[in-house]
Amino acid sequence: MGGKTEPAKSESMATATTRSPDLINSSFFSFKSLKLKTKQQELLLRISILGLVYILAFIARLFSVLRYESMIHEFDPYFNYRTTLFLTEKGFYEFWNWFDSESWYPLGRIIGGTLYPGLMVTAALIYWALRFLRFFVHIREVCVLTAPFFASNTTLVAYFFGKEIWDTGAGLVAAVLIAICPGYISRSVAGSYDNEAVAIFALLLTFYLFVKAVNTGSLAWALGSAFGYFYMVSAWGGYVFIINLVPLYVLVLLITGRYSMRLYIAYNCMYILGMLLAMQIRFVGFQHVQSGEHMGAMGVFLLMQVFYFLDWVKYQLNDTKLFQTFLRITVTSAILVGGIALGVGTASGYISPWTGRFYSLLDPTYAKDHIPIIASVSEHQPTAWSSFMFDYHILLFLFPAGLYFCFKRLSDATIFIVMYGLTSLYFAGVMVRLILVATPAVCLISAIAVSATVKNLTSLLRTKQKVSQTGSTKGAGSSKASSKVTLDQSQPFQKNGAIALLVGVFYLLSRYAIHCTWVTSEAYSSPSIVLAARGAHGNRIIFDDYREAYYWLRQNTPTDAKIMSWWDYGYQITAMGNRTVIVDNNTWNNTHIATVGRAMSSYEDEAYDIMRSLDVNYVLVVFGGVTGYSSDDINKFLWMVRIGGGVFPVIKEPDYLVNGEFRVDKGASPKMLNCLMYKLCYYRFGELTTEYGKPPGYDRARGVEIGNKDIKLEHLEEAYTTSNWIVRIYRVKPPTNRL
Amino acid sequence: MMILSRSVALISLFLLPLLTFSFSVDNPTDRRVLVLLDDLSLKSSHSIFFNTLKSRGFDLDFKLAEDPKLALQRYGQYLYDGLIIFAPSTERLGGSLDSKSIADFVDSGRDLILSADTSASDLIRGIATECGVDFDEDSSAMVIDHTSFSASDVDGDHTLIAADDLVKSDVILGKAKIEAPVLFRGVAHSLNPTNNLVLKVLSASPSAYSANPSSKLSSPPQLTGSAISLVSVMQARNNARVVISGSLQLFSDRLIRSGVQKAGSPNQYEKSGNEQFVTELSKWVFHERGHLKAGSLVHHRVGETDEPAIYRIKDDLEFSVEIYEWSGKSWEPYVANDVQVQFYMMSPYVLKTLSTDKKGLFHTSFKVPDVYGVFQFKVEYEKLGYTTLSLSKQIPVRPYRHNEYERFIPTAYPYYGACFTTMAGFFVFSFVYLYHK
């Protein structure tokens with residue numbers, strides 16, 4: 001261990017000193033005589049940089065609070081907020097056993113058994129700690145600021161991780177990069193109170209502790225890694241990535257002949273303890289031993305034992321030939337037994353097959369063909385190149401460079417980060433939301449590229465300036481780096497070239513910082529529950545229709561009223577409107593969602609029967625035709641048809657299309673013009689002039705004049721429409737008295 | 001003392017109209033009935049029917065149908081509890097009344113007797129259509145029956161029908177059987193097939209048909225046989241009751257008094273069944289009979305008395321509901337063996353017939369099914385003639401809590417044993433390994 005970290009420290013000293021040239025100059029002459037002092041200075045510098053990064057990571061995420069207000073964003077965070085509130089009010093055991101009768105009417109949902117409690121427990125602990133310290137904050141403030149707080153903590157982990165796989169310089173750069181990387185900020189701005197907010201911290205912590213355990217062979221680090229894994233499991237379903245990546249990494253080390261006692265200790269301890277701990281989370285339960293997605297880890301665990309056993313036998317037998325035979329028999333029988341066990345387990349149903357989500361990760365086209373409910377979510381779409389560029393900026397170019405450096409200095413740790421980077425980048429390509437998982441790896445690998453480049457360049461400069469200095473750098477750096485330095489020395493203009501390259505690097509990094517700030521402020525700090533638009537005179541217009549509608553529900557409907565809406569709005573209605581919903585964002589029951597999709601895409605009288613059978617009192621639709629808000633229910637409508645049609649074949653997608661085209665104007669299909677969703681969205685819309693110079697009933701979200709302006713409702717009546725028509729609520733009438 | 005009793009008398013004087021003339025849940029029988037006539041002579045020609053109503057305590061208010069001062073409500077309050085429309089030829093009602101305000105009257109839970117006759121006006125047809133009944137479109141058509149006409153039908157066109165196909169319901173037509181056929185001369189109607197609230201009380205025989213008796217049939221009649229209803233009733237979802245008759249003469253003194261002999265039948269009756277029929281039917285329609293009321297649904301765990309906010313799966317519970325029947329004067333316990341309760345979540349998971357203690361209390365007990373969700377206790381009691389009882393109460397059912405499972409399962413003892421022996425073995429092994437040498 002000592003041999004590993006020592007050179008890293010002196011290397012980092014070189015990097016750190018380059019970061020502040022004036023400081024070097026001031027202390028340069030006394031460098032030799034006051035070595036200890038320089039070390040202290042370096043430490044001070046490092047700590048202050050880390051402290052600044054810590055603060056930077058926090059404040060960069062506060063745009064939304066400053067611009068709007070301290071509020072919870074989007075959809076899922078409202079559920080998390082509601083459960084956190086419940087947890088702080090009723091205590092842990094009530095939370096653990098919570099049966100929620102307000103969602104998924106009439107099925108209900110066992111909240112305690114179907115969520116990852118890590119986030120809520122974390123926020124509640126922070127809340128209780130603050131209250132204990134006599135800071136009487138509201139739980140909402142804690143929830144809003146949980147994500148930035150954990151983003152700050154992630155930067156610290158990134159620093160230690162970078163230090164572990166490369167050196168302190170890389171660690172510092174990694175901390176800075178990850179602090180403002182848009183790919184991470186997109187999910188961790190203030191108010192984005194979602195599982196990912198703490199999960200990325202837990203993910204990186206687990207990886208860091210595991211790599212540390214592999215590097216040191218220490219049981220304590222492995223134990224720490226198991227606890228990190230437990231926290232991750234408690235926080236996010238993405239833990240499956242860990243439990244597959246780590247065995248894969250171990251397998252690669254085994255194959256490349258890097259098996260060691262350190263690896264054996266790290267993996268076995270982490271796997272066994274992590275598995276036992278993970279089983280304590282109700283939502284995960286016995287999946288570690290019963291689900292196909294976790295079988296790889298178990299297989300690798302058994303393989304480790306076989307390896308260890310073989311090692312022991314090899315040590316006992318001194319005959320090579322005998323050992324070869326023994327090896328062949330053991331490996332064959334081990335694989336045979338494992339295969340039979342897996343086959344029997346799968347056939348008997350004890351081991352569940354891979355889930356649809358897992359399949360869709362490996363095969364991007366799977367969800368589109370088989371599971372419309374997964375494919376319908378925008379964050380599950382395959383990633384476009386532009387969003388990689390948007391979220392990573394220069395890291396996209398630094399990443400291959402970093403891979404190059406990693407391969408140049410291959411070690412157990414760099415193999416890990418390379419594997420993490422490559423696999424997660426593949427998944428990021430499959431699903432937009434998984435850019436988040438890849439971000440730490442991309443930042444770390446890019447940091448290696450930046451740090452290594454800058455260090456090489458500065459060492460070039462410094463060898464020229466002071467020949468006497470090279471000795472210390474040479475001794476500290478690896479032999480490859482120093483050979484490169486000697487090789488470069490022969491080239492002409494190398495000092496000027498190095499200066500130019502350094503300027504280029506700093507230019508790129510500053511562009512990165514500017515880009516990150518701009519993206520954070522423009523794209524990722526909108527709460528999406530309050531919409532903002534630019535008016536004709538450049539002034540900001542706020543559409544607060546969602547909250548207006550939810551408060552209307554809260555104030556004006558009976559407390560046991562059941563609201564039917566598309567599942568996107570379920571969490572918000574229960575959290576803000578405090579009313580029972582039929583379906584919500586926890587899409588656990590496809591049939592129930594399909595029933596709602598069917599109701600929305602049926603004619604009114606057919607829909608009425610469905611709504612009666614579900615005891616629906618109110619129907620809520622989101623409509624953007626007046627404001628030009630494009631993610632409304634009409635634009636989501638084809639997904640309702642697809643999901644509904646997936647379970648109820650009476651709903652057929654071609655009925656709603658004209659020549660394969662989705663239209664709402666006069667050329668739309670008759671079924672489209674008369675289905676419930678169309679009627680509810682466009683009821684009375686034909687009377688309204690939305691834009692000057694356009695006919696009445698001009699839909700601004702789709703830019704067409706609607707096809708059916710004379711809509712009459714038979715079984716429903718308009719109950720409330722918000723000021724900008726974004727949310728429309730209809731009351732379901734009781735059956736007619738005389739018929 | 002004197003002052004007190006006087007003031008009480010004064011107060012009760014003010015309250016008296018309210019107490020006696022209001023339609024209320026406690027006293028469902030109608031009191032104030034508006035009778036609309038197209039000719040005041042009907043008052044005397046149908047006096048027997050009106051007098052039976054008066055003798056039962058109804059306050060009849062006779063008005064001409066075209067009276068311009070007609071009003072059903074004043075200041076948003078209805079003035080009447082029931083309405084009798086004996087004005088088949090009236091084209092327009094007086095005052096602000098039209099078919100919609102009549103429909104609103106029914107929708108407010110009030111009762112209606114509507115009688116059409118040959119050449120019924122569009123207004124009367126319109127009201128009937130609102131109630132799920134369609135009169136024959138040919139305004140000159142009448143019900144003709146060449147087999148079950150009354151022998152006293154002197155005209156020979158067989159339009160005076162002696163009908164005896166009555167609905168079999170003690171609730172609607174009373175316990176006493178109507179022996180004599182009911183005489184009917186009027187227009188045929190059919191029931192709207194999509195409306196399941198309306199039913200035939202008096203049906204025509206299979207040989208009846210609807211046509212103009214004075215002209216030759218040029219094409220087959222549209223309404224024939226038992227599809228023809230002579231008198232129908234409709235009970236709306238809010239339990240408002242409506243009687244629709246195709247014959248105004250059915251209620252007349254002449255037909256009530258006349259004897260009857262069905263053609264081809266040896267039985268001759270002194271008096272037709274009309275009086276009994278219209279009297280019993282009016283008792284039903286004005287809620288003197290067949291009106292049920294239910295108390296709230298009561299449920300609790302076995303051994304407890306308070307209603308819980310939530311049940312657990314496999315809880316044993318007791319359920320009860322009180323049902324009373326209005327006898328015309330007071331609430332009597334309802335006795336029946338077919339009241340059922342459903343424990344319902346999208347479909348009934350438990351369906352139990354309630355047993356009664358003959359004092360109005362219906363009760364049962366059952367085990368909550370092993371399914372969690374938001375359930376409802378549902379009592380849907382729809383019995384011919386009775387008002388519909390549709391009660392439901394929502395109750396969530398939760399799964400077991402973490403500490404409600406068995407702590408130790410006997411079948412798992414080998415596993416517990418294995419667990420502890422492994423621990424002990426590990427301890428011994430470590431001890432031996434560390435301190436053996």
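A polar contact is taken here as a pair of N or O atoms within 3.5 Å, where within protein one atom must be able to donate a hydrogen and the other to accept it, and where residues adjacent in sequence count only if both atoms are side-chain atoms. The model is predicted, and local features need pLDDT of at least 70, side-chain atom pairs count only at pLDDT 80 or more, and totals for chains, interfaces and linings use all residues. Residues are numbered from 1 along each chain as its sequence is written, chains are lettered from A in the order in which they are written, and side-chain values use heavy atoms, with hydrogens and water left out.

Chain B is divided into domain 1 (32–286) and domain 2 (291–398), with bounds that come from an automatic or database domain assignment. The contact (heavy atoms within 4.5 Å) takes 10 residues from domain 1 of chain B and 6 residues from domain 2 of chain B. The C-alpha centres of these two domains of chain B lie 38 Å apart.

Between domain 1 and domain 2 of chain B, the buried area (the accessible area, with a 1.4 Å probe, that two parts lose on being put together, summed over both) is about 610 Å², of which carbon and sulfur atoms give 56%. On the side of domain 1 of chain B, Val171(B), Asn239(B) and Arg241(B) lose the most area to domain 2 of chain B, together 58% of what that side buries. Between domain 1 and domain 2 of chain B, 4 residue pairs are in polar contact, both residues being at pLDDT 80 or more.
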